[in-house]
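Subject: Structure for you to look over

Dear colleague,

Here is the structure I said I would pass on. My notes on what turned up in it follow below.

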Amino acid sequence: MTDDAAGGSIGIGLVGYAGVARAHLQAILRLPTIFSVRRRPVLVALAGRSETTATAVARKYGAPTVYTEWRRLVDDPHVEMLINAAPNDLHAEVCMAAAARGIHVLCEKPLARSAQEAAQMREAVASAAVVHMTGYNYRFVPAVQLARRILGEGRLGRIYHFRARFCDESMIDPQIPYGWRHSRRQAGSGSIGDLAAHAVDMARYLVGEIESVSAATRIFVDRRPQPDGGEGTVDVEDAVEAVLEFTNGALGTVEASTFCAGRKNLFTFEINGADGSLAFNLERLNELQVSLRGDDVEGFRTILATDARHPYGGLWWPPGHILGWEHAFVHQLHRFLTAVADNGTVAPEGATFEDGYRCAVVCDLLEQAAREGRRVTVLDP
């Protein structure tokens with residue numbers, strides 16, 4: 001089937017060109033080589049603060065148009081889908097403007113700087129009836145999808161525990177310059193929105209809704225050198241330790257910190273149930289650790305999630321030929337474009353703006369619980 005017969009292409013506008021934006025750029029290029037798609041993704045415009053850098057990136061990835069003002073990208077008639085990989089303070093305004101023009105929106109996590117801001121974004125995409133997704137890409141790691149399948153089949157029985165860690169050393173050097181991630185006005189939060197949000201979304205995705213939270217936070221380095229001289233005051237947390245209580249009775253813990261020497265991008269979770277356990281480590285993202293009561297194998301066994309019967313198995317390489325971090329973005333984009341072609345939703349595999357909002361609610365309450373030193377109930381959104 002040709003692209004024209006299948007519905008042609010879809011013009012993508014990307015806000016941002018560094019960091020996670022690079023993974024989205026790779027996904028746009030690679031998706032048509034792996035999946036049969038009814039709307040072939042084409043990068044038609046890119047926006048960023050530096051015209052020189054944006055132009056160089058656009059040339060590298062084939063974007064014909066470059067803007068230094070995001071509003072011009074949103075007004076570009078060739079843009080049918082927006083990928084927002086800008087800093088957190090540009091999530092709400094950009095996404096809502098795009099939705100108002102009928103543009104489908106994929107926004108990086110955290111969806112917004114606060115639950116209130118996320119609620120406005122949720123209402124905007126609902127009113128515009130556009131396809132929308134919050135970029136919790138770890139949902140699309142094959143081993144994570146396999147974990148969800150096992151849980152959905154009830155093979156762990158009643159769930160007792162969820163525990164997750166997301167740790168790196170990205171801020172441990174006190175001479176790392178002050179940037180937008182250190183500002184509550186720009187970022188909304190620190191390690192909570194940057195790291196713990198992934199764990200909270202994973203908890204909801206795999207275990208269920210969260211009923212209450214308790215937490216403690218710390219700022220370890222409260223002043224950092226400004227790039228142009230002087231110092232900036234850090235007013236967001238460097239670390240959080242949290243306890244979660246789920247509506248199904250399970251207990252959970254979440255730890256997130258940017259002050260863990262030697263850790264580069266450690267994201268782990270473990271789920272314990274009456275009939276077994278699952279464990280995952282992003283640093284070995286092709287593997288899922290499984291222990292099922294009654295198995296001939298006592299303790300955990302390692303499943304390499306690359307066989308044809310596994311999620312996304314057989315689409316890339318032969319069994320045992322592992323995937324990397326960037327492949328989850330290809331899977332994520334495919335789910336999004338399938339929803340566009342079907343005039344449907346990215347749920348349940350993908351995180352909608354509703355999911356992004358509910359995660360933001362929990363993240364806000366982690367800050368509140370830490371500030372007030374008490375257990376806080378998650379009210380029904």
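Contacts between residues 24 or more positions apart make up 69% of the contacts in the protein with a separation of 6 or more. Please keep in mind that this is a predicted model.

Overall form. There are 11 helices and 17 strands in the protein. A compact globule of 381 residues would have a radius of gyration near 21 Å, and the protein has 21 Å, so the two agree. The C-alpha trace spans about 60 × 55 × 40 Å along the principal axes. Of the 381 residues, 56% are buried. The exposed surface comes to about 16400 Å², and carbon and sulfur atoms supply 48% of that area. As for charge, the protein has 39 positive and 46 negative side chains, with the centres of the two sets 2 Å apart.

Helix 10. This helix covers residues 327–342. Its 16 residues should span 22 Å at 1.5 Å a residue, and the C-alpha atoms at its ends are 23 Å apart, which agrees. Because 14 of the 16 residues are buried, helix 10 is largely enclosed by the rest of the structure. One of the residues in helix 10 is H331. The relative accessible area of H331 is 0%, so H331 counts as buried, the cut-off being under 20%. Leaving aside neighbours within four places in sequence, H331 is in contact with F35, F140, P142, Y312, W316 and L323. Just after the helix, N343 has a positive phi of about 55°.

Helix 7. Residues 142–152 form this helix, and I150 lies in it. I150 is buried, with a relative accessible area of 4%. Apart from neighbours within four places in sequence, its contacts are R155, L156, L278, L288 and V290. I150 and V290 are 140 residues apart along the chain, yet their C-alpha atoms are separated by 9.6 Å.

Backbone points to check. Most residues other than glycine have a negative phi, and most peptide bonds are trans. The following places depart from that pattern.

- Y312, which is not a glycine, has a positive phi of about 65°. Y312 sits in the loop between strand 16 (301–304) and helix 10. At a relative accessible area of 19%, Y312 is buried, given that the cut-off is under 20%. Y312 is also among the contacts of H331.
- A129, again not a glycine, has a positive phi of about 55°. The loop between helix 6 and strand 6 (132–135) holds A129. A129 is exposed, with a relative accessible area of 61%.
- The peptide bond from K109 to P110 is cis, with omega near -15°. P110 belongs to the loop between strand 5 (104–108) and helix 6 (115–128).
- A347 and P348 are joined by a cis peptide bond, with omega about 0°. P348 is in the loop between helix 10 and helix 11 (353–372).

Regards

Notes. Residues are numbered from 1 along each chain as its sequence is written. This is a predicted model: local features need pLDDT of at least 70, side-chain atom pairs count only at pLDDT 80 or more; totals for chains, interfaces and linings use all residues. Side-chain values use heavy atoms; hydrogens and water are left out. Helices (H or I, at least four residues) and strands (E, at least two) are DSSP runs, numbered from the N terminus. The expected span of a helix is 1.5 Å times one less than its number of residues. Buried means under 20% relative accessible area, exposed over 50%, partly exposed in between (1.4 Å probe, protein chains only). The radius of gyration is taken over C-alpha atoms; the globule rule is 2.2 Å times the number of residues to the power 0.38. Contact means heavy atoms within 4.5 Å. Accessible areas come from the Shrake-Rupley method with a 1.4 Å probe; for residues, only the protein chains shown count as cover. Lys and Arg count as positive and Asp and Glu as negative; His and the chain ends are not counted. The place of a charge is taken as NZ of Lys, CZ of Arg, CG of Asp or CD of Glu.
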